[in-house]
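Please look at the sequence and the model before reading on.

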2 protein chains.
Amino acid sequence: MSQVVTIALDAMGGDHGPTVVVPAALEILARHAEVRLVLVGDQASLEQHCATGLERFADRLQIRHATQVVGMDESPATALRGKKDSSMRVAIDLVKEGAADACVSAGNTGALMATARFVLKTLPGIDRPAIISAIPSIRGHTHVLDLGANVDLDAGQLFQLAVMGATLVRAVDSLERPRVGLLNVGAEEIKGNEEVKQAHVLLGASELNYIGFVEGDDVYTGDADVIVCDGFVGNVALKTSEGLAQMITHFMRQAFTRNLLTRFVGLIATPVLHSFKKRIDPRRYNGASLVGLQGIVIKSHGGADALAFANAIDIALIEVAKAVPKTIGEEIGHQLQATGTA
Amino acid sequence: MSQVVTIALDAMGGDHGPTVVVPAALEILARHAEVRLVLVGDQASLEQHCATGLERFADRLQIRHATQVVGMDESPATALRGKKDSSMRVAIDLVKEGAADACVSAGNTGALMATARFVLKTLPGIDRPAIISAIPSIRGHTHVLDLGANVDLDAGQLFQLAVMGATLVRAVDSLERPRVGLLNVGAEEIKGNEEVKQAHVLLGASELNYIGFVEGDDVYTGDADVIVCDGFVGNVALKTSEGLAQMITHFMRQAFTRNLLTRFVGLIATPVLHSFKKRIDPRRYNGASLVGLQGIVIKSHGGADALAFANAIDIALIEVAKAVPKTIGEEIGHQLQATGTA
């Protein structure tokens, strides 16, 4: 990338707003000389938060005033109708206008998806945009979609997810033929619902590198590069994993703090435990992409810290460099033609 | 329990057959003086495996010959039609005939459910039997159902799951009013599919201690005693958790074996790590109940070892003591009447 890339940041979104977004922005600017960032939100507050940054990166850091903030529990409909000058909306508007190449928000997922869909529109051939993210696996990571945008998908829509996922992974991970798996259940009697069975046929006939059904544990084995499921299932899988990770952390801490001896052992084991934790640090995987839109929108976890938010910005930069929406648009046309479902 | 309880064990099922089932059986007999066990399977092979046991527990350990074995990948239909003298089928037949109070099998889930349903029949008022198991949580454990028997359930059927789950937990955990949660997704825009939304209304109007929607991470927080979802979602949540636990174990082992120093640290930390592992040892949670049937059938994990299989037998013993099927039958009649859906 020698060209200047501009990313709009919803600086008021998420649980922490500017206290997280501003340090993340400064970190990114320090690391990437060719990046410009636009902080969208309350001008006065943002100026306070990044006075030194504005000086240091005068030509590459900019504030765009927005008077409103979308609440974390606000309904998508309310946000869309009543918050036309929210930091979230304005950040997406900048993408639409071409003033930014992508935007990143830690705001509420429902409002972000609804607004992005309304402003940017879906790509031709895509019925429903989806949420995709990389999840750490034993051998690297696996991209999973949909993580919660659509609870009911028919077979054709699951097929579209597969095309979007494979195209994104080919671009961002530079994999020639990413392995695509369709999430299903194991017990013989009940191998999948109708939608999944039909999607299986569509995928088998497609030009994708389809490896067939996978089960929940395959999310973490690394046997697939892309795993496709509807948003209800994907969201539950993701949240369940978060819950289990929290419980394991809780019990581990408990085990090492039980008494003086275990505390001492914990002290000795700290460097090893740290290297282990780093391997699956969720902050390193922060940043889900809203795919299927005519523009790049990255959703950061609402509770993300600066390191995690910076990771989400990095994902936006990669997707800009690889022109992900354009590539998906081309690929979906090609695949739909190839399978005769166009 | 002063009365003698008889449990039939499918001694040929699972990945390990008698090499696991026989030691588990001997362990149970040694612990419980009032328990009789019937090992169902190939007589010659079983006699070989438990010669000393047959002597030691002459009056409480019995072999019931069965000529066939249901394969782990065999379809339910084939098992049902072609394997009428399988160890699995005969064990279930013993329950039907009243010769056993419950049966335990590590055989394939689909065949077990199909056979149990065919032989024992569902309880009046129950459309679909389900699979339920306790899962460790921060504050004890949470029962989740359905874990894979039914991929498509309507609102009324989800309601039946809730009644079955609550009744089972009230009986086995001696909780007066178990908290029942309905699994849903988080993002506002898409709060659930139609089935879940309607089940929410039914549950809200019921006499159950319904705490509303819960998300995937609540499986592990312990905020609910029973979590209800369809079998597709439940199966994915369970398998995803298994996969994540395996990955964490893998990375942890890797961190502690990287070099001589980390190995030494690992050695020092071993007792602490063991106490931590014991807390979430999946073997202590082995044994899922097939609920909604006119009889008690417990499914052990196919790869279970003797400790785990013995745990599944213990679950069978508790359900016999609490007369779980009878209690569910009474409760479903009562609840359906109360909500006017009878």
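## Helix 6 of chain B

In helix 6 of chain B, the buried residues are B:Thr109, B:Gly110, B:Ala111, B:Leu112, B:Met113, B:Ala114, B:Thr115, B:Ala116, B:Arg117, B:Val119 and B:Leu120. A residue is buried if 20 or more other C-beta atoms, placed from the backbone, lie within 10 Å of its own; with 12 or fewer it is exposed, and in between partly exposed. That makes eleven of the twelve residues, and helix 6 of chain B is mostly covered. The cover includes helix 4 (76–82), helix 5 (87–97), strand 4, strand 10 (288–291) and strand 11 of chain B.

Helices (H or I, at least four residues) and strands (E, at least two) are DSSP runs, numbered from the N terminus. Helix 6 of chain B covers residues 109–120 and reaches 16 Å from its first C-alpha to its last, close to the expected 16 Å. The expected span is 1.5 Å times one less than the number of residues. After helix 6 of chain B comes B:Lys121, with a positive phi near 70°.

## Strand 4 of chain B

Strand 4 of chain B (residues 102–105) is covered on both faces: B:Ala102 and B:Val104 are buried on one side, B:Cys103 and B:Ser105 on the other.

Strand 4 of chain B runs parallel to strand 1 (residues 5–10) of chain B, joined by three bridges. Three bridges also join strand 4 of chain B to strand 11 (residues 297–299) of chain B, again in parallel. Strands pair if DSSP finds at least two bridges between them. B:Cys103 stands opposite B:Ala8 and also opposite B:Val297.

## Source and numbering

This is a predicted model, in which local features need pLDDT of at least 70 and side-chain atom pairs count only at pLDDT 80 or more, while totals for chains, interfaces and linings use all residues. Residues are numbered from 1 along each chain as its sequence is written, and chains are lettered from A and ligands numbered from 1 in the order in which they are written.

Note on methods: Two residues are in contact if their C-beta atoms, placed from the backbone, lie within 7 Å.
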